Amino acid sequence: MYSKDFLQGAFLSHGNPEVSVVRNGTQIGYRVRVRVCLRGSEGFLKAVQRSLLQHEIESKYRDEEHSARKKPILIVSSLSEVMKLINLLPLDLPSNADWDILAKTTFMISSKEHLTVDGLDKILKMKGVL
């Protein structure tokens, strides 16, 4: 069994939080997606996946990210699973990734703020697009 410290260290040092805004046919014309990707060796990623399961966080392991990048990847993509992960990690620790944007965006999505033009503008400003 891996400790909470192992899980936190793995995600803070290797995890890549992603917030993407893409055009689609919704009422405001955009969709906001949050996910966390973790890249590494197969053994490492499967160890992290087991640790996530012990914390009741579902993730998807793939042997190849895509045809142009034939390396393994572990993805936490469901909103509820990303929320569990955010609640587990101490977001005030130093990291190269911006966990704060992921956390704020995830909470905005859970409260349906992203469905308004003002909410979408807030997300785009956090990402540095506006």
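Serine 59 sits in the loop that runs between helix H2 (42–54) and strand S3 (60–62), in what is a predicted model. With a relative accessibility of 13%, which falls under the 20% limit, serine 59 counts as buried. Leaving aside residues up to four places away in sequence, the contacts of serine 59 are with Gln49, Leu52, Leu74, Ile75 and Val76.

Of the 130 residues in the protein, 39% are buried. Among contacts between residues at least 6 apart in sequence, 56% join residues that are at least 24 apart.

The strands form an open sheet of 4 strands in the order S1-S2-S4-S3, and their pairing is antiparallel. Strand S1 (15–23) and S3 stand at the edges of this sheet, and because each has a single partner strand, one side of each is left without a neighbour in the sheet. From one strand to the next, the twist averages 30°. In general, the strands of a sheet pair through backbone hydrogen bonds, in either a parallel or an antiparallel manner. Here S1 and strand S2 (residues 30–39) run antiparallel and are joined by 9 bridges, and within this pairing valine 22 has arginine 31 in S2 as its bridge partner.

Helix H3 (residues 79–88) lies across S2 and strand S4 (73–76), and runs at about 55° to S2. Lysine 84 belongs to helix H3 and, with a relative accessible area of 36%, is partly exposed. Not counting residues up to four places away in sequence, lysine 84 touches Glu56 and Ile57, while its C-alpha atom is separated by 9.6 Å from that of glutamate 58, a residue 26 positions away along the chain.

Helix H5 also has a helical partner. Two packed helices are described by the angle between their axes and the distance between the axes. The axes of helix H4 (residues 99–110) and H5 come within 10 Å and cross at roughly 170°, and since angles over 145 degrees count as roughly antiparallel, H4 and H5 are therefore roughly antiparallel to each other. At this contact, Ile101, Lys104, Thr105 and Met108 in H4 meet Gly119, Lys122, Ile123 and Met126 in H5; by type, the residues involved divide into 4 nonpolar, 2 polar and 2 charged.

Side chains of opposite charge can pair when their charged atoms come close. In this model the count comes to 8 salt bridges. One of them joins glutamate 18 and arginine 35, whose closest N and O atoms are 2.8 Å apart. Glutamate 18 lies in strand S1 and arginine 35 in strand S2, so the pair ties together parts that are 17 residues apart in sequence. Both partners are buried, glutamate 18 with a relative accessible area of 19% and arginine 35 at 18% relative accessibility.

A second salt bridge is found between the side chains of glutamate 42 and lysine 46, at 3.1 Å from N to O. Both of these residues lie in helix H2, 4 residues apart, or about one turn of the helix. Glutamate 42, at 41% relative accessibility, counts as partly exposed, and lysine 46, with a relative accessible area of 31%, is likewise partly exposed.

A further pair is that of glutamate 64 and lysine 70, in which the closest N and O atoms are 4.0 Å apart. Glutamate 64 counts as partly exposed at 40% relative accessibility, whereas lysine 70, at 56%, counts as exposed. Finally, Arg39, Glu65 and Arg69 are linked in a network of salt bridges.

How values were computed
Residues numbered from 1 in each chain as written. Predicted model: local features only at pLDDT ≥ 70, side-chain atom pairs only at ≥ 80, totals over all residues. Heavy atoms only, no water. Helix = DSSP H or I, 4+ residues; strand = E, 2+ residues; numbered from the N terminus. Buried < 20%, exposed > 50% of the residue type's maximum accessible area, 1.4 Å probe, protein only. Contact = heavy atoms within 4.5 Å. Pairing = 2+ DSSP bridges. Axes fitted to C-alpha atoms, helices over the stretch in contact; angles between N-to-C directions. Parallel < 35°, antiparallel > 145°, perpendicular 65-115°, else oblique. Nonpolar A, V, L, I, M, F, W, Y, C, P; charged D, E, K, R; others polar.
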